[in-house]
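Student: Got a new model on screen. Can you walk me through how it is put together?

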Amino acid sequence: RGGDDPFTLGVASGDPQPDGAVLWTRLAPRPADPTALGDGDIPVQWRVATDERMQHVVASGTAAAVARLAHSVHVEVAGLRPGADYFYQFHVRGEESRVGHFRTAPAPQADNDRLRLAFVTCQDWPSGYYTAYRDMLQFDLDLVLHLGDYTYEYAIGATRRRGIGRPVGFTEETVDLRTYRLRHTLYKLDEDLQAAHARFPFAVIWDDHEVANDYSGLAPEYSVPSPEFTARRTAAYQAFYEHIPIRAGAAQTQFRDLRIHRRLGYGRLAQITLLDDRQYRSDNPCGDGESLRCEAALKGDYTMLGAEQEAWLSDGLNRSRTRWNIVAQQLLVAQLEHTTIQPNWFWNDAWDGYPAARARLLSDVVRSGARNPIFFTGDWHSTFVNDLKLDFKDPAAPTIATEFVTPAVTTGGDGTPYGPYYAPMVPYNPHIKYYEGDRRGYFKAELTRTHAQFDLRFVTSVERPDGVGYPEHSWIVMDGRPGASMV
């Protein structure tokens, strides 16, 4: 793709508030050449209307496509009505973008009766088509939560699962600002991802692959902090901001410290807390990969979220008065003891590698008294439904929250990467109520005043362009009753 169309990467909206949302686009007439537009900022007109034909305009203005930010545009629209549908469009140099849609959040004290959303993770582009997003378009959703691994850093060596040749100009491993920008560009060129962004507002957090596999804070996997990795992470964070509809406040002054933990409110019905399990955490107490749980994990002074984010999360839960409290984050919270290998064996990159930090997290949930806490989790390329407990060793311990781990959008392709390995472990972890490791898809959820329903949707294939979505199972969490029941 290329030529004169400046809107090859589509449009997006994000982080809806009661009075507005973030509107995004990036000018890229030649996607494989991030320097094609030169060094000058470019004025871009934008408008918001109440109708898809853009006849009833209620807000408009001019924003800069900033050269130092890859000519990306972030417009923070305000002054709109709560709980209302709006349409938006960009215009530059005689060219118009496609029309996008978003829905504002309800007013803070609104007694709204439902919230409809989807949550996704792990969309490795070479692994296959974004069938899940195409399936999602049939539903009327208020929000899509992306829980990380929006892009992957590896060099692209083969694209047989997409049935195309290697994309010229986009195949290098991402190590600097140029290559991270190119990787985001490649992903944004996907038509199904563009369609989902144009239809629904997104709230996006990162995991590891937006930077590098299984990094912890400033420490890369199997290594120690260095100026080189700090520069790499900073470049990755800048490229993330440039391509995601996130508020400018998140950028602060330095991309080295880009803040992505934040809250979204949906009236009196729900509070959504989005966490960052990567940037602030200590290096893995027991080392990278899998191992026996070590003494440092039991007695060490370490953190997953960092002290500031831990306190911020605790305060938000304490103050919450909503019926549902969603915690959207990246890594498996429930314990998964690898007993089929040997007792006390764990995967250290998840919360299992940080058991003392997890104990603080879940204790804060209990102490806060926050109503109906539910964790949305990504990362694992598998589907879990888990009871969360303060003591996972005691099957009789009370369930204090529920966790839904959404399957990958594409990562792993149509193969069976995890089921044969992890499924035999599940019976030794009775708090895991459901596990499936070999199918791709996503969760769709609807929260009401009486219950929350979670519909698991798998796809028939991500390696064929004609794959479709289908319903697999549904679970209900009743108001005031932690734990999910299959229906």
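Tutor: Ten strands form an open sheet, ordered E5-E2-E1-E11-E10-E9-E21-E22-E23-E24, with mixed pairing. Two strands pair if DSSP finds at least two bridges between them. Helices (H or I, at least four residues) and strands (E, at least two) are DSSP runs, numbered from the N terminus.

Student: Which strands stand at the edges?

Tutor: Strand E5 (72-77) and strand E24 (481-486). Each has a single partner strand, so one side of each is left without a neighbour in the sheet.

Student: And how are neighbouring strands turned against each other?

Tutor: By 30° on average, direction ignored. Axes are lines fitted to C-alpha atoms, for helices over the stretch in contact, and angles run from 0 to 180 degrees between N-to-C directions.

Student: Before I go on, what am I looking at, and how is it numbered?

Tutor: This is a predicted model: local features need pLDDT of at least 70, side-chain atom pairs count only at pLDDT 80 or more, and totals for chains, interfaces and linings use all residues. Residues are numbered from 1 along each chain as its sequence is written, and side-chain values use heavy atoms, with hydrogens and water left out.

Student: Where is confidence lowest, and where highest?

Tutor: Lowest in helix H8 (residues 419-422), with a mean of 93. Strand E10 (residues 143-146) is highest, at 99. The protein averages a pLDDT of 96, and 99% of the residues score at least 70. pLDDT is the predictor's confidence in each residue, from 0 to 100.

Student: Back to the strands. How many bridges join E22 to E23?

Tutor: Nine, between strand E22 (residues 451-459) and strand E23 (residues 469-478), which run antiparallel. Arg457 has Pro471 in E23 as its bridge partner.

Student: What lies across E1 and E11?

Tutor: Helix H3 (residues 191-199) does, running at about 40° to E1. E1 covers 11-17 and E11 covers 201-204.

Student: Now the other sheet. What is its strand order?

Tutor: E12-E13-E15-E17-E19-E18-E20, seven strands in an open sheet with mixed pairing. Strand E12 (262-266) and strand E20 (432-436) are the edge strands, and each pairs on one side only. Here neighbouring strands are turned by 20° against each other on average, direction ignored.

Student: In what sense do E13 and E15 pair?

Tutor: Parallel, over five bridges. E13 spans residues 270-274 and E15 spans 324-329. Leu274 stands opposite Ala328 in E15.

Student: How do H6 and H7 cross?

Tutor: The axes of helix H6 (residues 307-319) and helix H7 (residues 355-368) come within 8 Å and cross at roughly 25°. The two are therefore roughly parallel to each other. Angles under 35 degrees count as roughly parallel, over 145 as roughly antiparallel, 65 to 115 as roughly perpendicular and the rest as oblique.

Student: Which residues meet there?

Tutor: From H6, they include Leu313 and Leu317; from H7, Leu361 and Val365 are among them. The contact of H6 with H7 divides into four nonpolar, three polar and four charged residues. Ala, Val, Leu, Ile, Met, Phe, Trp, Tyr, Cys and Pro count as nonpolar, Asp, Glu, Lys and Arg as charged, and the others, Gly among them, as polar.

Conventions
Contact = heavy atoms within 4.5 Å.
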